[in-house]
Amino acid sequence: MRAERPKTIHFSITSLCNLRCIHCEFWKAKPQKEIGLEEWKKITDDIYNWLGSGEVRIKIAGGEPAVKPFFKELMKYIKDKGFYLGITSNGTVFAEKDIEFLCDIGLNEINISLDTLNKDKYRLIRGRDEFDKVIKNLMYFKKHTRNTSINLSPTIMEINSEEITELVRYVIQENFWITFQAVFNTFGTEYRANWYRDFALFPKNVGKVENALKEVIAYKDIYRQIGNSREQLLTMIEYFRDPGKSYAMECNAGKTDVGVDNVGNLLLCFNLRPAGNLLEKRIDEIFYSEEADIIREEIRGCSRECKLLNCVFPFDD
């Protein structure tokens with residue numbers, strides 16, 4: 001069966017990051033030569049020529065994407081093509097003029113990785129004392145937004161497990177959005193089976209997290225600002241109860257969701273080998289290639305918990 005065409009394409013434009021997060025080790029990497037602005041423009045044009053821009057979302061991430069000197073120019077280029085544009089950032093690199101620029105060009109969503117409203121906990125989680133700047137930049141986005149959705153993207157882990165409902169109340173008060181992510185095997189490291197058994201960040205009081213997620217579901221019934229679907233929140237509860245559980249549900253990776261890494265490789269799954277390089281072949285040639293079909297078959301047989309990731313979870317409200 002011919003694969004359906006992708007609807008969301010994630011650009012990981014760098015593995016560089018200015019923070020030192022305890023649940024991610026991308027910042028430890030010494031990246032190979034990353035592709036530059038002209039190569040990203042070429043890839044954007046290739047996607048546009050194949051899929052158009054009307055129903056395609058481009059999501060920008062890293063590392064921290066805003067550290068790249070061509071960041072703003074690439075964002076404008078993508079928006080000028082008519083794509084829906086989302087950015088995931090730690091929110092520490094922007095100046096107010098950058099935020100005003102992004103809102104003016106029509107940025108559709110900004111996802112800020114903020115896990116806590118406690119300044120001391122923030123420093124422990126993120127490795128740097130940047131809490132005040134993140135909050136200030138959230139307010140700048142609120143000041144300058146036209147149609148930019150402002151979204152918090154906290155990772156639920158032991159250190160912030162008591163703040164889940166507090167974060168929800170905060171976004172309701174500020175008219176932001178929030179999309180939770182469960183803690184997984186440390187990003188930027190090789191996958192370890194049973195990693196959660198000796199992982200200090202995995203919540204110890206599962207009942208507390210379960211009750212908090214049930215409260216989030218109750219809030220979702222009243223307020224619109226919770227981005228996770230009800231099905232995903234319920235599946236998170238199952239995950240925290242039994243992190244070693246196998247998941248038979250489908251995964252959007254390699255079908256509606258694909259990624260492009262910092263050297264131009266097309267990734268059907270971020271945990272599997274590339275299907276090809278977009279500087280060497282067109283995206284449609286790679287997406288429908290025999291190698292891509294083999295990788296998609298591997299994805300279909302996968303039972304790992306990363307199916308709960310927000311980018312590939314198969315259920316919507």
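Me: Which handedness does the β-α-β unit of β2, helix α2 and β3 have?

Reply: This is a predicted model, in which local features need pLDDT of at least 70, side-chain atom pairs count only at pLDDT 80 or more, and totals for chains, interfaces and linings use all residues. Residues are numbered from 1 along each chain as its sequence is written, and side-chain values use heavy atoms, with hydrogens and water left out. Helices (H or I, at least four residues) and strands (E, at least two) are DSSP runs numbered from the N terminus, and a crossover is right-handed if, with the strands pointing away from the viewer, the path from the first strand over the helix to the second runs clockwise. By that test, the unit made by β2, α2 and β3 is right-handed.

Me: Through which helix does the chain cross from β3 to β4?

Reply: β3 and β4 (residues 109-112) run parallel and are joined by four bridges; strands pair if DSSP finds at least two bridges between them. Within this pairing, S89 stands opposite I112. The crossover from β3 to β4 is right-handed and passes through helix α3, residues 96-105.

Me: Which residue of β3 is the bridge partner of I60?

Reply: Strand β2 covers residues 57-61 and strand β3 residues 84-89. The two pair in the parallel sense over four bridges. In β3, the partner of I60 is I87.

Me: Which strands stand at the edges of the sheet?

Reply: The open sheet has nine strands with mixed pairing, in the order β7-β5-β4-β3-β2-β1-β9-β10-β11. Two of them have a single partner strand each, so one side of each is left without a neighbour in the sheet. These edge strands are β7 (177-178) and β11 (276-277).

Me: What angle does helix α5 make with β5?

Reply: β5 (residues 149-152) runs parallel to β4, with four bridges between them, and I112 stands opposite L152. Helix α5 (residues 131-144) packs on the sheet and touches β4 and β5, where contact means heavy atoms within 4.5 Å. Axes are lines fitted to C-alpha atoms, for helices over the stretch in contact, with angles from 0 to 180 degrees between N-to-C directions. On that scale, α5 and β5 make about 155 degrees.

Me: Which residues of α3 are buried?

Reply: Buried means under 20% relative accessible area, exposed over 50%, and partly exposed in between (1.4 Å probe, protein chains only). The cover over the buried residues of α3 includes α2, β3 and α5. Those buried residues are D98, I99, L102, C103 and I105.

Me: How many residues apart are W50 and Y288?

Reply: Rings of Phe, Tyr and Trp (its six-membered ring) pair if their centres lie within 6.5 Å; planes under 30 degrees apart count as stacked, over 60 as edge-to-face and the rest as tilted. W50 and Y288 are edge-to-face, at 5.8 Å centre to centre and 85 degrees between the planes. W50 lies in helix α1 and Y288 in the loop between α9 and α10, with a separation of 238 residues.

Me: At what distance from the ring centre does R57 lie over the face of Y84?

Reply: A charge sits over a ring if NZ of Lys or CZ of Arg is within 6 Å of the ring centre and within 35 degrees of the ring normal. K72 has its charged end over the ring of F101, 5.2 Å from its centre. For R57 over Y84, the distance is 4.0 Å.
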